[in-house]
Structures are given as structure tokens and as C-alpha cells.
Amino acid sequence: LTAYRRLVGNMLEVHRQGVDYPARVIERCRHHGISPWISLRMNDVHDNDNLDHPFHGELFRNAELFRKGHPGYYARALDYAHAEVRDHYRALIVETLERYDVDGLELDFMREPYLFSKGEEEAGGKILTRWLRGIRQLVDEAAAQRKHPIKLGVRVPSDPKTALGLGLDAPTWVKGGLVELVVATPRWATMHFDIPLVAWRELLGDRVTLAGGLEVLCRPYPGGPVRGRDAEYAAAAAVSVLSGGGDVVYLFNYFQSGSWPDPGYQPLLNAFSSLDELQKLPRRHAVTYREVVVPGQTYRSPLPASGQTLTFSLPLGPKPTAGWTAEAIIEVAAGSVGGDSADITVNGIRCGMRSKKTMTNGNRLLTYAFPPSALVGNHTDTIQVAATGQGAIKVLQVEVRLVPGE
């Protein structure tokens, strides 16, 4: 708590000196021709294991307002079925619109997407839609006073069925003219390289900007090893968004730090706005999983996977031009009955073994080469892993790395 109190103390001192930090940032954005937005987290539960943490206000310390029927991390998320909760966030929105001259307001329902008690998601979604109509009116009134448009955006789970199942009815919001931006995104634990943006577009129509969200972490399965701030993963996820039906790439937690390749950070940010520029970069697509699911929904992560023959689907973006190299990277668990190597095909084209490495945990990391022409281009590609020995093979990682020629 010492570091947190120091943070809050510094913020308070800046306020005492008469510095309004968001207002300063908005002014500098306009100076540089950048459209300023403010994003509000709609149900953040950081440090929810300690109700005495100074992060929490009085509202969060009232257990009667928590969601019911769910154990675990999200049990202490606030339940929007309570008028007190909706009124609290409405007041925050009113203060933001009155105080700051923004071009857009984002409601971040990915912190956190669990807004209703168990079994109440469908009814809660109707409550939320009615509440959002009131928020849209507030935004329109602020726009009239500011004498310029103010847009309203939302962040929702990457899978549309999951979003709808949690009461986040973005299609109804778009059809009702309530929002102009929908960000379909993973939550935090891992990137998604296969956000179903085509399905989102069919649900939303063409009256809204559809963004695909990028997180900075990448995990192959829940609790699996994590890689963060990796430019090749980021480039691949962005290619998947722009080639898979998204209008724009949305970045979350992409802060500059020593772990980003220097001086590659700024060029990478610039490349996110252009599919042509992204296709000049090496990229690494990975099979990952959905962190956000509807409570009670049966969901199985694609990895780990065991079997004699395993098939994985992954959109790998546009087909590379001549001169590129392509690799399939497979991690096989130590002691797999089906052997410590595998036969790999990509869209039916057999891959050739390039290298075999024993990892510190005893697993085998297998790298295979295949011709880039094997890719179908802007559609879902199929990677098949077959055991070379008798019995099942256990696969922990499936990736495809594409590298442009010199």
C-alpha cells in the first residue's frame, strides 16, 4: 500500500498546484491534431480481496451491491441491477462531460464484463440498454453545449455470443444509435489472434466503427507461460484484425517501457494503422484461448490438447509474397506416449523438420518449415499435428512465424 499511497499523494499534490492533468492532455492532443477521448472503467475490481484498500470507495464496500451466485475474483464486481450502481457511474459520466471537452467517451465494460448476478444476465442486459439510452442523451446534450460532435464507444468481450450472454448487447446499442464505436477485445491474460470480426460485422452492420483489441500478454492456455510486449505477436494480432474485418486496431496497456525493443516501439505503433506496413514486419500467430466466458458456460481451451491427430484453426492473414519464410512451432509435453516429435501439415501441405530443442522443463520445442504458398490468404488456415509414435501426443503450444525476406 505504500507505493499506492505515494501515487495518490503525488496526484493530490498536482491537484493542489492547480494542474488538471486530463485537461492538459486534451489541450496537447488538440494542439497536435489528435482527437481526445476519455475512457471510464465501468466495474473495476482491482484489489478486491482487500475491501479496506484505499482504491475502493464506499460504494464498493457495500456487499449488498455485489453480484450474487459467483465465487472467485469477480464475485465482488458490482451488480448493475442496483440503481445505486447505475447512478454512481452516471454521476461519473456527468462529471466527465461537464469538466472535459472531449471528442469521445468510452465505457470500458472489460473492466469488468461481469455486471449481473448468476442467471440475471438477460434481464440485466435490458436494464443496461435502458441506462445506456440515458447516457447517450447526456452525451448529445454535452455535444450541443460544446458545439461539436461527441462520440460514444464501448469495449466488450471478443466473442459476440459471450458479450450477449453477459448482457452487453452491442448490436442493439448500435441499431438504436447509442454508440459509434465497438471494440471487440480480449480482457488481459492473452492476445487473441482469431477475434470473430466478420461475425461482429454481421451483427453490427456498417454504421459503427469496429475495432479489434490487442492486449500485451500472450499465453497459450490458462495458467500457461506468458510472453509480454513482443513485437512479433503484436504485429500478427494486428494483421488478423485489419485483414479479418476490423476497421482499426485498438491497443490496451501498450505503454513504452524497457521491455519493448528500442528503437522499435514508435515504428511499431505507426505500423498498426496500416495493413501494408504491418505486412513488412515479421509476425508470430499463436493458438490462445478466451479468458472471458459466460458463467456456467462450457468452454474448453484449445490447448493443451492430446490425441493421435490434432487439428487447430488459425487465421494467418494475407498470403505472404515471394521471399518470405514460414515456420510452424510446436511444443510437445515431455513423456508424450505418441513420441517427442510429430508430423505437421499446414492446409494439407507437409512441413519439414527444421530443429528440435529440449526445453528446461523437459518438453520438446519443434520447429518446422513450410512454403508460404501453403497459406490460403485472409481465411482460416489449418494446422494439423499427428503423433509419430503409438498413442496420444500432448501439445502445449502451436504457433506460426512468418518472416519477410531481406
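Close-up 1. Buried means under 20% relative accessible area. C29 is therefore buried, at a relative accessible area of 17%. The model is predicted. C218 is also buried, with a relative accessible area of 5%. A disulfide is a covalent bond between the sulfur atoms of two cysteines. The cut-off applied here is a sulfur pair within 2.5 Å. The cysteine sulfur closest to that of C218 belongs to C351 and is 20 Å away, too far for a bond. The count of disulfides is 0.

**Close-up 2. A nonpolar surface patch made by L7, V8 and M11.** The patch covers about 270 Å². M11 sits in helix α1, which spans residues 2-16. M11 counts as exposed, with 53% relative accessibility.

**Close-up 3. Salt bridges of R99 with D20 and E95.** Side chains of opposite charge can pair when their charged atoms come close. D20 and R99 meet at 3.1 Å, N to O. R99 and E95 are 4 residues apart in helix α3, which means a separation of about one helical turn. D20 is partly exposed, with a relative accessible area of 21%. R99 is partly exposed at 44% relative accessibility. E95 is partly exposed, its relative accessibility being 44%. The structure's count of salt bridges comes to 21.

**Close-up 4. The salt bridge of R284 and E232.** The closest N and O atoms of this pair are 3.8 Å apart. R284 is in strand β9 (residues 283-286) and E232 in helix α8 (residues 231-243), so the pair links distant parts of the chain, 52 residues apart. Are these two residues buried or exposed? R284 is buried, with a relative accessible area of 14%. E232 counts as buried too, at 15% relative accessibility. Shared partners join E232, R284, E399 and R401 into one salt-bridge network.

**Close-up 5. An open sheet of 4 strands.** The strand order is β11-β17-β13-β14, and the pairing is antiparallel. β11 (309-315) and β14 (349-350) stand at the edges. Each has a single partner strand, so one side of each is left without a neighbour in the sheet. T311 stands opposite Q384 of β17.

**Close-up 6. Strand β16 and its pairing with β12 and β15.** Strand β12 (residues 325-332) runs antiparallel to strand β16 (residues 364-370), joined by 7 bridges. Strand β15 (residues 352-358) is antiparallel to β16 as well, with 6 bridges. Which residues face A369 of β16? E327 has A369 as its bridge partner. G352 stands opposite A369. The hairpin of β15 and β16 has 5 residues between its strands. In this hairpin, G362 takes a positive phi near 90°.

**Close-up 7. The aromatic pair of Y73 and Y74.** A pair of aromatic rings is described by the distance of the centres and the angle of the planes. The structure holds 9 aromatic pairs. Y73 and Y74 form one that is edge-to-face, 5.1 Å centre to centre with 85° between the planes. Y73 is partly exposed, at a relative accessible area of 38%. Y74 counts as buried, at 18% relative accessibility. Ring pairs link Y73, Y74 and Y114 into a cluster.

**Close-up 8. The aromatic pair of Y254 and F272.** The ring centres lie 6.0 Å apart and the planes stand at 90°, so the pair is edge-to-face. Y254 lies in the loop between β8 (248-251) and α9 (265-271), and F272 in the loop between α9 and α10 (275-278). The pair links distant parts of the chain, 18 residues apart. Y254 is buried, with a relative accessible area of 8%. F272 is buried as well, its relative accessible area being 5%.

Definitions and conventions:
Residues numbered from 1 in each chain as written. Predicted model: local features only at pLDDT ≥ 70, side-chain atom pairs only at ≥ 80, totals over all residues. Heavy atoms only, no water. Buried < 20%, exposed > 50% of the residue type's maximum accessible area, 1.4 Å probe, protein only. Patch = residues over 30% accessible without salt bridge, like charges linked within 9 Å, V, L, I, M, F, W, Y side chains within 5 Å. Areas by Shrake-Rupley, 256 points an atom, 1.4 Å probe, with all protein chains shown as cover. Salt bridge = Lys/Arg side-chain N within 4 Å of Asp/Glu carboxyl O. Helix = DSSP H or I, 4+ residues; strand = E, 2+ residues; numbered from the N terminus. Pairing = 2+ DSSP bridges. Phe/Tyr/Trp six-rings, centres within 6.5 Å; stacked < 30°, edge-to-face > 60°.
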